[in-house]
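Let's take a walk through a protein together. Please look at the sequence and the 3D structure, and then read on.

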Amino acid sequence: MLSEAKFMTVAHWAKDLNEEDRELARRNMTEKLLPKGAYLLHEHDHVDAWFGVIDGLLKISVVAESGEMVSLTGISRSGWVGEGSVIKNEPRRYDVVALRDTSIALLNGRTFRWLMDNSPPFNKFLVRQLNERLGQFIAFVGYGRLLDPTARLARSIAWLFNPVLSPNDQLQLGISQEEIGLLSGMSRQTASKALRQLQTEGLLRLQHGRIEILDLERLSRYGTKL
DNA sequence: GCATTAACCACCG
DNA sequence: CGGTGGTTAATGC
């Protein structure tokens, strides 16, 4: 069972549940600590649980046929991932790796499905979450490979700060340029260059080990026609 | 030309 | 001090 404090910070969706269901969710939630570089799960694993980031940073990636690692997206504090495999009760279709020491909340699949069957507010949240991910996917196949590094990085950052998928009201995040590079699928040097470009354009501000978003809307559209 | 890895090193917290 | 990030050199696509 998760502490009340941790539960309320990570499970923002629980605010809309009735008290009984909220307690059910909390009782069936556990915490797992992942050291930097550790995999939460691999593609094809069947892990019947849903994952929320209490603190830290996760990268969702797949291995292409060529053997190349393709980063799909990052999950930061209060972001939840893995509902698709739990709903369909099927193996995972991606790898999840911790980019730094990360603490994870796990909700077991049985409780997840019980909430789906019994809680309209939970379903409302799920529809929103899935709709947002669908938008991500469409953007990815639409122009994913055609963008230059600056635009690809801008998109990665925008996803990380997506207000639906990662509802921190903070526009600042402690993240190194190396981590941003890993998330964006590029080297630290290239990420650094792209970040300075975006800073010059006034979309974000760089600090030591930290970025501050100044214009999330323009970041998410960067590289597409205005 | 542009991106990558590896290395070096100064700076920040 | 450890982590971060600016820079450079060698190499690849």
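Helices (H or I, at least four residues) and strands (E, at least two) are DSSP runs, numbered from the N terminus. This is a predicted model, in which local features need pLDDT of at least 70 and side-chain atom pairs count only at pLDDT 80 or more, while totals for chains, interfaces and linings use all residues. Residues are numbered from 1 along each chain as its sequence is written, and chains are lettered from A and ligands numbered from 1 in the order in which they are written.

**An annotated stretch**

An unreviewed UniProt entry places the feature "domain: Cyclic nucleotide-binding" at residues 13–133. UniProt positions are given in the numbering used here, feature names are shortened, and annotations may be inferred rather than shown by experiment. Over residues 13–133 the chain is 32% helix and 35% strand, and its end C-alpha atoms are 16 Å apart.

**Two domains**

Chain A is divided into two domains, with bounds that come from an automatic or database domain assignment. Two residues are in contact if their C-beta atoms, placed from the backbone, lie within 7 Å.

The C-alpha centres of the two domains lie 21 Å apart.

**A core between them**

A nonpolar core is a set of buried Ala, Val, Leu, Ile, Met, Phe, Trp, Tyr and Cys residues joined through C-beta atoms within 7 Å. A residue is buried if 20 or more other C-beta atoms lie within 10 Å of its own, exposed if 12 or fewer, and partly exposed in between. The largest such core has 55 residues, of which L58 and L153 touch the most other members. Helix α6 (residues 149–160) supplies the largest share of this core, six residues. Because domain 1 and domain 2 both give residues to this core, it lies between them. Leaving aside neighbours within four places in sequence, the contacts of L153 include I180, M186 and L195.

**Around the DNA**

Which residues surround DNA strand C? They are S176, Q177, E178, Q189, S192, H208 and G209, where near means a C-beta atom, placed from the backbone, within 6 Å of the strand. Helices α7 (177–184) and α8 (188–200) each give two or more residues to this surface.

**One last residue**

S220 lies in helix α9 (residues 216–221). S220 counts as partly exposed because it has 17 C-beta neighbours inside 10 Å.
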